[in-house]
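Welcome! Here is a short briefing to read alongside the structure, taken topic by topic.

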Amino acid sequence: MVETGHFALVLAFALSLVQFVLPLVGSRTGDARLMATAGPVAATGFAMTAISFAALTAAYVLSDFSVLNVFENSHSQKPLLYKFSGTWGNHEGSMLLWVLILTFFGALVAAFGRNLPATLRANVLSIQGLIGSAFFLFILATSNPFARLNPAPIEGQDLNPVLQDVGLAIHPPLLYLGYVGFSVCFSFAVAALIEGRIDAAWARWVRPWTLAAWVFLTGGIAMGSFWAYYELGWGGFWFWDPVENASFMPWLAGTALLHSAIVMEKRSALKIWTILLAILTFSLSLLGTFLVRSGVLTSVHAFATDPARGVFILAILTLFIGGALALFAWRAQSLAPGGIFHPISREGALVLNNLFLSTAVATVLVGTLYPLALEAVTGEKISVGAPFFDLTFGPLMVPLLIAVPFGPLLAWKRADLWAASQRLALAAGGALVVILFVALFIDRASVFAALGIGLAVWLILGALTDLALKSGIGSVSTSVALRRFAGLPRSAYGTSLAHLGLGLTTLGIVSVTTLQTEHILTMKPGDTVEVAGYQLRFDGLQPFQGQNFTEDRGLFPLLDSDGDVLTTIMSAKRFYPARQMPTTEAGISTRGLSQMYVSLGDPVDGGGIVVRIWWKPFVTLIWLGAVVMMGGGILSLLDRRLRVGAPARRARKTGEATGAAH
Amino acid sequence: MTRKQKRLSIILGALAFLGTATGLTFYALGQKTSYFYMPADLTTASIAPGQRIRLGGLVEDGSIVRDQGTRVSFGVSDGGGHVEVVYDGILPDLFREGQGVVTEGTFDPSGTFVADSVLAKHDENYMPKEVADSLKAQGVWQED
Amino acid sequence: MVFWIVLGLLTVIASLAVILPLAGRREEAASASVHDIEVYRDQLAEVERDAERGLIGKQEAEQARAEIGRRILKLDGADKNSSEQRRGESAFARGLAMAGVLAVPLLSWGIYNSIGSPELPGQPLAERLAKNPGESSIDELVARAEAHLRANPEDGRGWDVLAPIYARLERPAEAATAYRNAIRLLGPSAARETGLGEALMMSAGGVVPADAVNAFQRALDIDGKDPKARFYLATAMAQEGRIAEAADALRAMLADLPETSPWRGVVEQTIARAEEEASRSSTAQAGPTREDVEAASGMSAEDRSAMIEIMVAQLDERLRENPDDPEGWQRLVRSYMVLGKADEARDALTRGVAALGEDSGAARELVAFAAEQGVKGMEER
């Protein structure tokens with residue numbers, strides 16, 4: 001079983017090489033048979049990778065410790081779910097998941113790309129094959145998950161309690177789906193450069209892939225942030241940690257790509273820029289993989305610290321980024337420019353979006369790589385943290401967010417900014433009211449908080465205004481408007497929903513960072529503290545014996561102003577005796593959209609214990625907003641427009657008649 | 001405005017934007033990053049009170065003192081120097097005597113380091129990277 | 001056998017994926033412009049839909065229609081210029097196709113042959129545990145004990161028994177944890193504290209770290225005459241360069257030792273060396289060598305030699321499986337010499353040299369090392 005998986009992996013590598021060479025030569029020489037190999041080989045390559053992955057998963061589930069990887073990263077006593085997720089919870093397994101997703105996407109392109117022009121399809125699959133070969137080689141040469149142990153040990157090594165968590169189990173697959181999804185956009189970009197022309201279907205194909213990758217990446221980032229929030233017990237949701245930045249940069253670039261691809265699809269403009277962006281987005285995904293996998297950053301995530309791997313990934317990184325950019329420099333000018341537009345237009349707004357987002361990527365990139373470069377060159381160690389990003393990333397986001405509601409209201413080609421502003425008057429008025437309300441009536445709210453919350457409200461109302469205007473509410477009768485509302489294309493909903501989600505997330509972030517209250521105090525049993533209008537009582541510590549841990553549970557009944565108990569928050573200090581490892585289990589109670597977050601510290605003399613309590617207003621909106629954004633992305637993905645037209649058979653039948661049509 | 005002027009103004013606008021962003025980034029790199037020091041470095045470097053730095057080292061044995069409330073003080077050393085640190089808040093789970101620690105904060109005028117964040121190693125095998133490097137350089141700590 | 005059939009089947013499937021499309025009839029692909037026109041037509045339809053719904057203004061719709069129309073016209077022109085130039089199948093293409101077909105089986109079997117382990121069956125844990133415990137290796141017995149302790153982590157006696165076994169299996173980190181658990185549950189004793197200190201020392205690679213010093217000191221608090229703890233504390237002093245103090249401590253220890261103590265010899269030797277060091281007044285670190293430490297601790301446990309035999313046998317077994325380990329061979333040779341099994345040592349040397357390659361640097365090093373250890377017999381060859 002195990003060795004079958006091993007062999008299937010080797011086969012998949014061989015197939016990926018064939019997938020790279022034959023179709024590419026076929027498309028260059030116009031040999032249809034060579035090109036025709038791309039599809040079946042891609043599909044079979046996926047099947048082989050899937051067999052390989054299934055074999056590794058089986059080894060994990062059955063605790064086959066004759067597999068080195070299983071021995072190092074699993075344990076017979078792990079709950080089944082974590083044996084399962086343990087498959088990708090380590091370096092080798094996660095790289096196997098990476099190529100599994102890559103070949104899966106390749107197979108999807110092969111399956112749904114029958115209506116693509118033959119050379120484009122062959123080239124795209126060829127580039128996918130090249131990416132696959134590089135990573136298969138990487139796995140086989142430096143990170144083989146099927147390395148064996150003989151004699152097999154009887155027990156695995158890892159039972160790290162911190163890593164046994166549902167959030168952490170699904171976080172990496174989501175991130176990888178995002179990272180690898182951008183590889184398809186990359187392959188399309190490189191294919192266009194190889195051919196020196198961009199087919200009309202190009203943007204229609206790239207956009208759904210960008211959307212899908214973006215949706216997964218959004219989910220992955222949100223999941224990671226949520227995990228850090230509830231598991232690490234620090235109450236923070238974003239640390240500007242290099243590992244987080246590594247996933248955030250492709251997200252920003254992917255967001256830009258999402259928008260520029262619209263322009264390209266609708267107006268055939270911004271072709272060269274979109275191609276470059278597609279290359280850059282996947283390059284940033286590769287960079288993210290490199291940063292996390294090479295161990296150049298030492299943090300919880302960097303479990304691979306073998307320098308051979310780092311050098312190998314760096315070589316892959318250089319090959320793909322350098323190769324693609326060189327190809328871009330060589331071929332870009334051969335691409336015909338597209339439609340022209342006035343600066344104030346939908347296209348102009350999307351260009352502005354791209355300008356801000358790519359600059360934001362640049363600042364995050366500098367903040368992430370500068371400390372590494374500085375240490376490599378001078379040996380000085382610095383930390384670039386939240387203060388840096390607050391000062392650089394923050395100012396970039398504010399004008400961008402202010403501009404967001406305008407975008408969808410502007411017409412293509414040439415638009416009337418004044419008219420758009422008038423339509424947004426209601427949203428602006430609403431935002432102003434909220435700003436005044438917050439500034440006047442909420443204690444401790446700074447001007448900054450008021451403006452920030454106003455900005456979020458502006459985004460939310462702007463997104464709703466867009467929907468209302470599109471369905472004609474206010475200009476036509478209600479029944480007509482409702483019918484039009486129901487009949488709006490899904491992409492229209494998608495845009496509004498995504499912008500709405502952005503507003504919600506902004507609202508969550510701003511209110512938590514500016515309005516949260518924090519209490520650090522020593523509490524003795526019976527003590528009560530008032531937090532955000534609630535009374536929090538400490539009822540003392542209760543020892544508890546878990547399956548493989550002991551814990552001291554602090555019980556905190558939460559009382560409303562009348563003194564009724566609403567719920568009891570349980571926050572614990574847990575101790576795993578077998579590993580001599582303490583962990584903190586934060587107690588969280590959700591009140592509406594806000595949360596009460598209680599974390600236990602050390603006991604002090606005299607029977608008290610240090611307690612840290614946060615009131616986090618609207619904190620759940622941070623992740624709810626992300627979910628709404630994902631919903632918007634999914635709706636756009638389902639739009640009929642993106643179910644690419646031009647089915648090949650119909651095209652051939654009507655081929656002769658095309659001149660006459662329209 | 002003619003077409004040419006219009007285009008020129010757009011390009012100038014974009015350049016001004018990028019210039020501002022670049023300037024801001026460099027300013028932030030100069031002002032908003034904190035350098036990492038070990039206690040031994042501090043004997044030679046002079047850090048003005050109020051300047052944010054990150055301080056790493058080993059928590060000295062027997063130096064942890066808690067008052068009745070949430071304030072904790074402890075000593076950080078690296079074999080070549082010693083710094084007294086005070087911190088108000090909850091220490092990380094793996095904060096122990098003799099273990100590596102990284103704190104971030106500023107010196108007060110009396111020379112005590114007032115930390116606003118304290119990080120200990122994340123798991124049994126993890127020593128904060130900077131601390132491990134420096135300790136190795138000084139020969140205090142060895143990998144076997 | 002089934003395994004090889006499965007492998008063959010997979011290879012066939014993979015090869016078919018390459019062969020079938022190459023052998024298939026050549027379908028005339030539609031030219032790229034046909035595809036483009038289809039997309040443009042779809043775009044026109046979309047403009048109509050949007051205009052109908054009132055999503056875009058009349059003028060905007062008109063402009064969009066005109067623009068798409070222009071693109072279609074441009075495409076017609078371009079299509080005529082670049083009349084598709086399709087060449088017939090060249091010899092090159094045929095050769096490449098052949099290479100592609102062959103690459104799949106050749107590459108996969110070639111690579112698998114060098115990195116795979118087809119002789120190793122899968123070993124799911126449940127099947128292995130169903131075996132008779134009598135056939136279990138020492139690792140498996142330890143695993144059973146671990147499983148027991150996982151279920152009953154408060155079983156102090158279990159930890160106490162397991163801790164020294166871990167130490168002998170050279171798993172110092174686990175030994176330290178086990179000693180800590182035993183101390184926590186059963187209370188401290190001189191033996192446990194010394195064991196903990198020793199384990200910590202092993203983890204640190206022979207250097208005595210601060211927490212080990214603390215453990216030895218706690219052991220001395222309980223039993224002021226515990227020889228192991230005293231000896232290691234002296235070692236720690238010597239490692240810190242306090243050689244004179246170390247020598248004093250050892251002399252004090254010697255005075256307390258009974259005449260029959262196995263420690264006397266080692267302590268005397270160490271003192272002698274320390275004095276020599278001190279007289280040379282060198283700043284270099286002195287102190288007892290690793291061998292002394294090992295010899296001393298060897299004397300303190302009676303059943304040690306049996307344990308060592310097992311360890312050596314395990315090492316031997318591991319090297320048979322995984323022979324590319326020069327340090328392992330050196331350790332094996334030395335271990336046999338220490339156990340007084342010169343024949344086995346010579347045998348190990350021969351096998352090691354064969355495994356590392358007759359002329360390799362590692363083999364030469366191994367021979368030199370063996371000669372140092374007093375293995376005879378290589379010269380005759």
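Domain bounds here come from an automatic or database domain assignment. With those bounds, the C-alpha centres of domain 2 of chain A and domain 4 of chain A lie 40 Å apart. Please keep in mind that this is a predicted model.

**Domains of chain A**
- Domain 1 covers residues 1-164 and domain 2 covers 168-405.
- Domain 3 is written in two pieces, 424-515 and 622-629, while domain 4 takes in 517-616.

**Chain C as a whole**
- Chain C is built with 18 helices and zero strands.
- It has 381 residues, and 31% of them count as buried.
- Take the contacts in chain C between residues at least 6 apart in sequence: 52% of these join residues at least 24 apart.

**Where chain C meets chain A**
- On chain C, 76 residues are in contact with 76 residues of chain A.
- Several helices of chain C each supply at least two residues to this side, including H1 (2-23), H4 (91-115) and H8 (172-186).
- H2(C) gives the most, with 13 residues.
- By type, the residues on this side of chain C are 38 nonpolar, 17 polar and 21 charged.

**A look at helix H8 of chain C**
- H8(C) has 15 residues and reaches 20 Å from its first C-alpha to its last, close to the 21 Å expected at 1.5 Å a residue.
- Among its buried residues are C:Glu174, C:Tyr179, C:Asn181 and C:Ile183.
- The cover over the buried residues of H8(C) includes helices H7 (156-168) and H9 (190-203) of chain C.
- Just after H8(C) comes C:Gly187, with a positive phi of about 90°.

Conventions:
Residues numbered from 1 in each chain as written. Chains lettered and ligands numbered in written order. Predicted model: local features only at pLDDT ≥ 70, side-chain atom pairs only at ≥ 80, totals over all residues. Contact = placed C-beta atoms within 7 Å. Helix = DSSP H or I, 4+ residues; strand = E, 2+ residues; numbered from the N terminus. Nonpolar A, V, L, I, M, F, W, Y, C, P; charged D, E, K, R; others polar. Buried ≥ 20, exposed ≤ 12 C-beta atoms within 10 Å, placed from the backbone. Expected span 1.5 Å × (residues − 1).
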